[in-house]
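Please keep the sequence and the 3D view open while you read this note. Each point picks out one part to look at.

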Amino acid sequence: QVQLVESGGGLVQAGGSLRLSCAASGGTFSHYFIGWFRQAPGKEREFVARVDWSGGITNYADSVKGRFTISRDNAKKTVALQMNSLKPEDTGVYYCAAQPMGVGQFGSWGHGTQVTVSS
């Protein structure tokens, strides 16, 4: 079972950038697709982006396409989320999670990292 820890959140002005990192330990990292999700205050958690085991296939929510980029480094067992042109509506707690072989539910949720975008 892989364990995940997020980092890199913070406070940034609208239009700015942040780079989140998801570090894995345990398990066989390359067996998992990794997803980023976020939860804004008073709202349900929503999908942001996903990367396959190789890093070659990525998926994004429409709201972040063209602004966010997900990537992974299997040698370092990390997944990054580069967030550019941030908007106040991007504010929330960002979580990474693992999807075994890209099938079924995501699990092994991290504790999250707070991203706050000021207007």
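1. Pairing along β10. Gly-92 stands opposite Val-115 in β10, and Tyr-94 stands opposite Thr-113 in that strand. Strands here are DSSP runs of E with at least two residues, numbered from the N terminus. β9 (residues 92-100) and β10 pair in the antiparallel sense over 3 bridges. Two strands count as paired if DSSP finds at least two bridges between them. Strand β2 (residues 10-13) runs parallel to β10, with 4 bridges joining the two. One of the partners is Ser-118 in β10, which bridges to Gln-13.

2. Basis of the model. This is a predicted model: local features need pLDDT of at least 70, side-chain atom pairs count only at pLDDT 80 or more, and totals for chains, interfaces and linings use all residues. Residues are numbered from 1 along each chain as its sequence is written, and side-chain values use heavy atoms, with hydrogens and water left out.

3. The whole sheet. Strands of a sheet pair through backbone hydrogen bonds, either parallel or antiparallel. In this model, 6 strands form an open sheet with mixed pairing, in the order β2-β10-β9-β4-β5-β6. β2 and β6 (58-60) stand at the edges with a single partner strand each, so one side of each lacks a neighbour in the sheet. On average, neighbouring strands of this sheet are turned by 25 degrees against each other, direction ignored.

4. Two faces of β10. Which residues make up the covered face of β10? They are Thr-113, Val-115 and Val-117. The uncovered face holds Gln-114, Thr-116 and Ser-118.

5. Arg-38. This residue belongs to strand β4 (residues 32-39). Is Arg-38 buried or exposed? Arg-38 is buried, because its relative accessible area is 6% (buried means under 20%, exposed over 50%, partly exposed in between, with a 1.4 Å probe and protein chains only). Its side chain makes a polar contact of 2.6 Å with that of Glu-46. Another, of 2.8 Å, joins the side chains of Arg-38 and Asp-90. A polar contact is a pair of N or O atoms within 3.5 Å; within protein, one must be able to donate a hydrogen and the other to accept it, and residues adjacent in sequence count only if both atoms are side-chain atoms.

6. Pro-88. Look in the loop between β8 (78-83) and β9 for Pro-88. Pro-88 is partly exposed, at 35% relative accessible area. Leaving aside neighbours within four places in sequence, Pro-88 is in contact (heavy atoms within 4.5 Å) with Ala-14, Val-117 and Ser-119.

7. Aromatic rings. The count comes to 4 aromatic pairs. Rings of Phe, Tyr and Trp (its six-membered ring) pair if their centres lie within 6.5 Å; planes under 30 degrees apart count as stacked, over 60 as edge-to-face and the rest as tilted. The rings of Phe-37 and Phe-47 have centres 5.8 Å apart and planes at 75 degrees, so this pair is edge-to-face. Phe-37 lies in β4 and Phe-47 in β5 (residues 46-51), so the pair ties together parts 10 residues apart in sequence. Phe-37 is buried at 10% relative accessibility, whereas Phe-47 is partly exposed at 31%. Phe-37, Phe-47, Tyr-95, Phe-106 and Trp-109 form one aromatic cluster.

Terms used: Axes are lines fitted to C-alpha atoms, for helices over the stretch in contact, and angles run from 0 to 180 degrees between N-to-C directions.
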